[in-house]
Amino acid sequence: MNTSVVICVYTEERWEDIRQAVESVESQTRPAHELILVVDHNPDLHLKLKHAYPQATVVANTHEKGLSGGKNTGVATAGGEIVAFLDDDAVADPGWLEALEEGFQVTGVVGVGGRTDPLWASGRRPQWFPYEFDWTVGCTYRGMPEVRAPIRNVMGGNAAFLRDVVSEVGGFHSGIGRSVQGRKSRPLGCEETEFCIRLNQRRPGSVMLFEPRAVIGHKVSRQRERFAYFRSRCYAEGLSKALVTQEVGTQDGLASERAHALRTLPLGALRGVGEALRGDLGGLGRAAAIVVGLAWTTWGYVVGSARLKAARS
């Protein structure tokens with residue numbers, strides 16, 4: 001099987017990040033079939049990338065502005081049997097692509113997601129930041145499997161899918177995530193969550209696989225290290241989850257979230273208190289952040305659900 005790698009880009013402010021992402025793809029132990037850079041409605045960046053990377057396929061997003069449209073453009077452009085997505089502010093380990101491709105050798109697998117580690121701009125994790133909430137910065141979080149295992153949905157910045165399957169189920173939906181209100185507004189998400197659930201509903205028995213050997217590093221800006229961003233991201237996740245459940249139903253849309261909230265988060269809060277009692281005062285901050293994060297996410301979901309209900313009535 002061969003793989004097309006798609007990187008969706010949108011701003012020249014990330015030029016250095018894009019360069020590092022491209023170089024990491026070109027340094028893979030198993031070369032990609034092709035590298036596709038999808039530019040989100042930015043003609044100047046499109047032209048600059050075409051000059052800088054003649055070896056890559058540089059295309060404009062032909063769909064609605066936003067990440068979903070960019071991914072759908074990438075899938076439509078791709079010639080590989082597998083389409084892998086890498087964030088424009090991420091760096092893939094040399095064995096990333098090989099590990100993703102090997103995941104598709106497992107019977108029934110239509111999508112594979114890898115492990116995403118945070119690369120903190122300050123050089124270290126904030127003491128108050130709970131591992132259970134690393135999803136707020138687009139990274140693998142405590143509560144996910146530690147070994148290869150089936151999961152409900154992969155994380156969009158480090159994922160690969162069978163190209164024909166993506167097209168078969170209608171691609172990624174706009175209307176969920178950052179495409180809703182623009183990139184400068186609330187940090188919404190969940191495009192890949194809705195897609196993976198919808199795929200499984202339409203193709204029962206399809207397997208999404210977590211492959212921890214497919215590793216990337218995802219850059220976390222100083223702004224995203226702040227507690228204000230953490231709260232905002234949690235609230236936005238709740239809003240996004242309301243949109244997801246409208247599309248795929250509450251049972252499938254919240255199954256993983258219920259398990260995380262009822263098992264992983266209470267254990268995490270207790271762990272933080274225990275660490276504080278043993279001298280790590282940051283444990284109290286992590287315990288408090290877990291409580292706040294859960295509360296803000298829940299409140300976002302309640303508000304989002306109420307808005308959707310009002311819009312339907």
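Let's start at arginine 312, which sits in helix α9; helices here are DSSP runs of H or I with at least four residues, strands are runs of E with at least two, and both are numbered from the N terminus. Is arginine 312 buried or exposed? At 57% relative accessibility, arginine 312 counts as exposed. For the cut-offs, buried is under 20% relative accessible area, exposed is over 50%, and partly exposed is in between, with a 1.4 Å probe and protein chains only. If you want a sense of distance, the C-alpha atoms of arginine 312 and valine 106 are separated by 42 Å, and those two are 206 residues apart along the chain.

Before I go on, a word on what we're looking at. This is a predicted model, where local features need pLDDT of at least 70 and side-chain atom pairs count only at pLDDT 80 or more, while totals for chains, interfaces and linings use all residues. Residues are numbered from 1 along each chain as its sequence is written, and side-chain values use heavy atoms, with hydrogens and water left out.

Okay, back to α9. Glycine 285 is in that helix too, and at 26% relative accessibility glycine 285 counts as partly exposed.

Now, what does α9 pack against? Helix α9, residues 282-312, packs with helix α7, residues 227-248, at an angle of about 40 degrees, and the axes are 7 Å apart. Those axes are lines fitted to C-alpha atoms, for helices over the stretch in contact, and the angles run from 0 to 180 degrees between N-to-C directions. So α7 and α9 are oblique to each other; under 35 degrees would be roughly parallel, over 145 roughly antiparallel, 65 to 115 roughly perpendicular, and the rest is oblique. The residues of that contact split into 14 nonpolar, eight polar and five charged. In that count Ala, Val, Leu, Ile, Met, Phe, Trp, Tyr, Cys and Pro are nonpolar, Asp, Glu, Lys and Arg are charged, and the others, Gly among them, are polar.

Helix α7 has another partner. Its axis and that of helix α8, residues 250-277, come within 7 Å and cross at roughly 140 degrees, so α7 and α8 are oblique as well. Who makes the contact, meaning heavy atoms within 4.5 Å? On the α7 side we have Lys241, Val244, Thr245 and Val248, and on the α8 side Thr250, Asp252, Gly253, Leu254 and Glu257. By type, that contact has three nonpolar, three polar and three charged residues.

Let's move to helix α3, residues 67-77. This one is mostly covered, with eight of its 11 residues buried. The buried ones are Ser68, Gly69, Gly70, Lys71, Asn72, Thr73, Gly74 and Val75. And what covers them? The list includes strands β1 (3-9), β2 (34-39), β3 (57-60) and β4 (82-86), plus helices α5 (163-168) and α6 (191-202).

A couple of single residues while we're here. Histidine 41 has a positive phi of about 55 degrees, although it is not a glycine. You'll find histidine 41 in the loop between β2 and α2 (43-52), and at 44% relative accessibility it counts as partly exposed. Glutamate 23 is in helix α1, residues 15-26, and is partly exposed too, at 38% relative accessibility.

Last, the whole chain. The secondary structure comes to nine helices and nine strands. The radius of gyration is 19 Å, close to the 20 Å that the globule rule gives for 313 residues, so the chain is as compact as a globular protein of that length. That radius is taken over C-alpha atoms, and the rule is 2.2 Å times the number of residues to the power 0.38. Buried residues make up 53% of the 313.

Definitions and conventions:
Contact means heavy atoms within 4.5 Å.
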